[in-house]
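Work through the exercises below with the sequence and the model open. Each task is followed by a solution in steps.

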Amino acid sequence: MVVRHIGRFPPPYGGVSIKNKLLYDTISQYVPVKKLKQRRWMSKRIYEVLEILSSFLPNQKLIIGISASTGKSKKYTQLLYLLARNNMKRSLYFMMGGTEASRIAENDNEISLYGNYKVIYVETISMLRKMRDVGMSNVELFPNCRKKPGYEIIEDVSQEKLKCVFFSNIHPMKGVDTIIETASECPNIDFYFYGEIDSKYMDDFLGQINGYSNCTYMGVFKGKGDSLYKELSKYDVLLLPTRYKTEGVPGVVVESKMAGIPSILSDVSHNRDLIEGEDGWILNSNSASELIEILNTISQDRSLLNNMKSAALASASNYDIQTYTNKILASLGVSGNHNGGGY
């Protein structure tokens with residue numbers, strides 16, 4: 001029986017491709033996993049078609065990670081049901097989208113269709129409950145995981161200025177404008193921005209932050225893994241007051257936990273699922289005034305910040321890929337004593 005992976009790898013380094021690469025690298029340590037290699041002559045479209053066709057070959061167990069955007073995963077699931085239902089019944093489906101669980105749970109036809117997967121892995125408890133509440137017994141939890149740091153994280157709370165970091169695409173809908181408004185009222189707190197700037201917002205963004213000595217644009221960070229954790233750990237708190245209702249489960253929040261820094265998040269999509277006790281705050285109104293109040297509180301109470309950093313680091317184990325590896329291997333019907341595979 002062949003185990004095959006279906007789904008995009010980096011580049012680009014988006015949430016879907018990062019999750020797929022992590023799954024492949026982890027599972028292939030224990031069992032050979034086939035993956036169609038994209039040849040130089042293959043366009044993205046040709047590669048995707050050939051990859052999907054490869055999943056219809058008989059006697060396969062599939063590890064599926066296809067984006068739900070533009071209905072891709074739904075169309076693929078329908079094809080798999082029609083053309084390779086036996087493969088489907090042996091396969092693991094990793095949900096790649098923040099709104100897909102709700103869509104499936106609200107449609108009887110999709111409940112029946114997706115019920116043919118052996119296991120569907122969703123990223124949050126609220127997704128899990130939503131789907132189980134409509135009778136889907138094949139749903140399990142697999143958060144937006146990362147590989148834990150290869151070095152010891154030491155929480156460091158200095159008595160200098162509070163340092164806040166934004167680490168995402170720079171766009172007003174991500175809440176960047178809220179952070180800048182906050183910065184204008186908090187001259188004793190420093191704000192650092194990483195990420196690609198939306199072309200239509202570039203002039204406004206750069207013009208605004210250049211007016212404040214406590215705001216710095218750091219460019220696009222190219223590192224990943226330990227280098228990313230080390231960069232994030234330079235700061236005291238992550239800010240993500242996004243207004244995107246389809247935000248999903250932001251990987252940077254998980255990466256911040258791995259780096260031992262708490263998060264302040266808006267109450268949209270599944271952000272509330274990511275705050276566990278004292279490892280961060282949820283912005284109920286998602287306003288600059290609320291953010292200002294929280295930042296002033298932790299800036300003046302460094303013992304509170306220290307406790308939050310410890311809680312963030314403790315919660316990171318819930319997002320460590322190794323925490324879930326045995327469960328995934330068991331779903332595939334394999335043990336953890338196999339040699340790795342390859343392309």
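**Exercise 1.** Which residues are buried in helix 7 (residues 125–132)?

Solution. The model is predicted, so local features need pLDDT of at least 70 and side-chain atom pairs count only at pLDDT 80 or more, while totals for chains, interfaces and linings use all residues. Residues are numbered from 1 along each chain as its sequence is written, and side-chain values use heavy atoms, with hydrogens and water left out.

Step 1. Helices (H or I, at least four residues) and strands (E, at least two) are DSSP runs, numbered from the N terminus. Buried means under 20% relative accessible area, exposed over 50%, and partly exposed in between, with a 1.4 Å probe and protein chains only.

Step 2. Met127, Leu128 and Met131 of helix 7 are buried.

Step 3. Viewed down the axis of helix 7, these buried residues fall within an arc of 100 degrees, so they line one face of the helix. The arc is that of the directions from the helix axis to the C-beta atoms.

Step 4. Their cover includes helix 5 (100–105), strand 4 (119–122) and strand 5; contact means heavy atoms within 4.5 Å.

**Exercise 2.** Determine the strand order of the open sheet and find its edges.

Solution. Step 1. Two strands pair if DSSP finds at least two bridges between them. The order is 1-2-3-4-5 for the five strands, with parallel pairing.

Step 1. Strand 1 (2–6) and strand 5 (139–141) each have a single partner strand, so one side of each lacks a neighbour in the sheet. From one strand to the next, the twist averages 25 degrees.

Step 2. Five bridges join strand 1 to strand 2 (residues 60–64) in the parallel sense. His5 has Ile63 of strand 2 as its bridge partner.

**Exercise 3.** Describe the packing of helix 1 (residues 15–27) against helix 14 (residues 321–332).

Solution. Step 1. The axes are 11 Å apart, at an angle of about 70 degrees. Axes are lines fitted to C-alpha atoms, for helices over the stretch in contact, and angles run from 0 to 180 degrees between N-to-C directions.

Step 1. Helix 1 is therefore roughly perpendicular to helix 14; angles under 35 degrees count as roughly parallel, over 145 as roughly antiparallel, 65 to 115 as roughly perpendicular and the rest as oblique.

Step 2. Residues making the contact include Leu22 and Leu23 of helix 1, and Ile328 and Leu329 of helix 14.
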